[in-house]
Amino acid sequence: MTLAPATPVPVDPAAGGAVETFDSLDPANGQVLASYPVQSAEEVRAAVARARSAEAWWLAQGWDGRRTHLRAWKGVLARRIHELADLVHRENGKPHADAVLEIVLAIDHIEWAAKKAPKVLGPRRVPSGLMAANQAASLEYQPLGVIGVIGPWNYPVFTPMGSLAYALAAGNAVVFKPSEYTPGVGKWLEHAWQMAVPQGPDVLQVVTGLGATGAALCHAGVDKIAFTGSAATGRKVMAACAEHLTPVLMECGGKDAMIVDDDADVAAAADAALWGSMSNAGQTCIGIERVYATDKVYDRFLQELEARVKDVRPGSDAGASYGPITMPGQVDIIRRHIADAVERGGRAVTGGMIDGPFVEPTVLVDVPEDSDAVQEETFGPTITVTRVRDAEEALTLTNTTTYGLAGSIFTGKARRGVELARRVRSGMTSVNSVIAFASVPSLPFGGVGDSGFGRIHGEDGLKEFTRAKAITRQRFELPTPLTTFARNPGLTDQLAKVIGLVHGRR
Ligand code: NAD
């Protein structure tokens, strides 16, 4: 038995189903894979109400119970990894092997979140300080309640998992609206949950639909929205959530750069730039879209890149390096960015050809810094390579876009790499590799500027779905209490003197 329908699903209005449906398409050939209901605002509210009812049961499971259930869910993903990877391949277009890799990383995150949640979020004593020496102070992180997760299609398992697993591990119920391009993957994850946790099916629910269904989730009374998608949609989500003072987590796009320094391993940098820019057809929020190579290594870097790019090709057969562009509308954006770069004096040293949804790997050089190909998210298998004087100039140019998600630095000196990494205006940077931070569950993931705010993954990712709760317990009464109208009038002066001695000496 498979967990997701492979053929179109008839939706029967007489049986109370939604009348309106949308199709999930194979991006390689446009064939309909299945149909899903466009769920109404009423249906979304009903899902949130069910999640609200399930919340108490989920909380009552305690840390151990939740860990057991999350591990059971993880087990279904692990045992059926090829079935899920097939579905990801069909809906998103990426090669099966890349889909497996994505799911492996997602599984690792489920385990990390489930295992670490008690230690990171559970009650702990904190020092009470001089002024409250008679108090025992404790801190704990409580779940928010019901989290609405709105996801994209480019990593339909890994990306939402950064919110789903962490929100669930923190004790929340979740209503997830997957992208309209990958609804089957969302439903598969929901079915896997129901199979693993039959006692709590409403703890994780999926609602399907287009943008309006996502907007309905923002208005459905959830306690937080975790949004992953474009900055443009992110703004709409924030505006909708502002009406209810619903907090938001924004994981938006990027225009990440790689800096290749004088003493870098140029071959390794070229290899990493190629994977970072072309894998998943360049549809990676943390993909490399720009390279700044110093004058000393520029020519060698380009040679190495050109030599490697020859072996990379799009397709949907087993031997293809990457798949089609998932969202048909994105092809026009990629075409526009390439054309604009070339019109403005740039040159495509490889690629540039687009055949339906398949875009050849395209390496662009001499592209002006203020062109769209350098400033805007292209989200295709393209990369600009720019010659710079030194790593300092590279850093300045790296930091000029409005985005700030991630990036990479190749250098021969590890310490110098880390020092440069600190100065990149982004949430994450890898030294001498690409996107390595995404595979370290204990590292937070998120951006700055138009790339968003808030963090998934790691301790910060767990805390993102909680509120800090502070508790003091009076251990004994002070002989001279301060917080009473019956306070000794001379006490204020004594207190001021003590504070002067302790804090006022300089
Ligand atoms: P998108 O913004 O078009 O859609 C994202 C989701 O928002 C979809 O589920 C969509 O149905 C929903 N949506 C659309 N209109 C809405 C509205 N008015 N209210 C609420 N929800 C609405 O993005 P996409 O094309 O699916 O994803 C690609 C983008 O996501 C890229 O910019 C990419 O860089 C970014 N991304 C970011 C990260 C990250 O972690 N920072 C990860 C993956 C993708």
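**Sheets and the ligand site**

Modeller: Strand β5 (residues 146-150) pairs with β8 in the parallel sense, over four bridges. Two strands pair if DSSP finds at least two bridges between them. Helices (H or I, at least four residues) and strands (E, at least two) are DSSP runs, numbered from the N terminus.

Biologist: What should I know about the source?

Modeller: This is a predicted model: local features need pLDDT of at least 70, side-chain atom pairs count only at pLDDT 80 or more, and totals for chains, interfaces and linings use all residues. Residues are numbered from 1 along each chain as its sequence is written, and side-chain values use heavy atoms, without hydrogens or water.

Biologist: What is the order of the open sheet of six strands?

Modeller: Strands of a sheet pair through backbone hydrogen bonds, either parallel or antiparallel. Here the order is β7-β6-β5-β8-β9-β21, and the pairing is mixed. β7 (204-206) and β21 (452-453) stand at the edges with a single partner strand each, so one side of each has no neighbour in the sheet.

Biologist: Which strands form the open sheet of seven?

Modeller: The order is β12-β15-β16-β11-β10-β18-β19, again with mixed pairing. Its edges are β12 (347-350) and β19 (430-431); each has a single partner strand, so one side of each lacks a neighbour in the sheet. Inside the order, β15 (residues 362-365) and β16 (residues 382-388) run parallel, joined by four bridges. Thr 362 has Thr 382 of β16 as its bridge partner.

Biologist: Do β1 and β2 run parallel or antiparallel?

Modeller: Antiparallel: five bridges join β1 (residues 21-25) to β2 (residues 32-37). Leu 25 has Val 32 in β2 as its bridge partner. Six residues lie between the strands of this hairpin, and Gly 30 takes a positive phi near 75°.

Biologist: Where does the ligand sit?

Modeller: A pocket is an open set of points on a 1 Å grid over the protein atoms alone, where a 1.4 Å probe fits, with protein on both sides within 12 Å along at least five of seven lines. A molecule sits in one if more than half of its atoms lie within 2 Å of its grid points. The ligand sits in the largest pocket. Elements giving two or more residues to the shell are α7 (211-218), β8 (224-228) and α8 (231-242).

Biologist: Which residues are closest to the ligand?

Modeller: Lys 177, Glu 180, Ser 230, Thr 233 and Glu 377 are the closest of 30 surrounding residues; near means a heavy atom within 4 Å.

Methods:
On a 1 Å grid over the protein atoms alone, a cavity is a set of points where a 1.4 Å probe fits but cannot get out, and a pocket is an open set with protein on both sides within 12 Å along at least five of seven lines; lining residues have an atom within 4 Å of a point.
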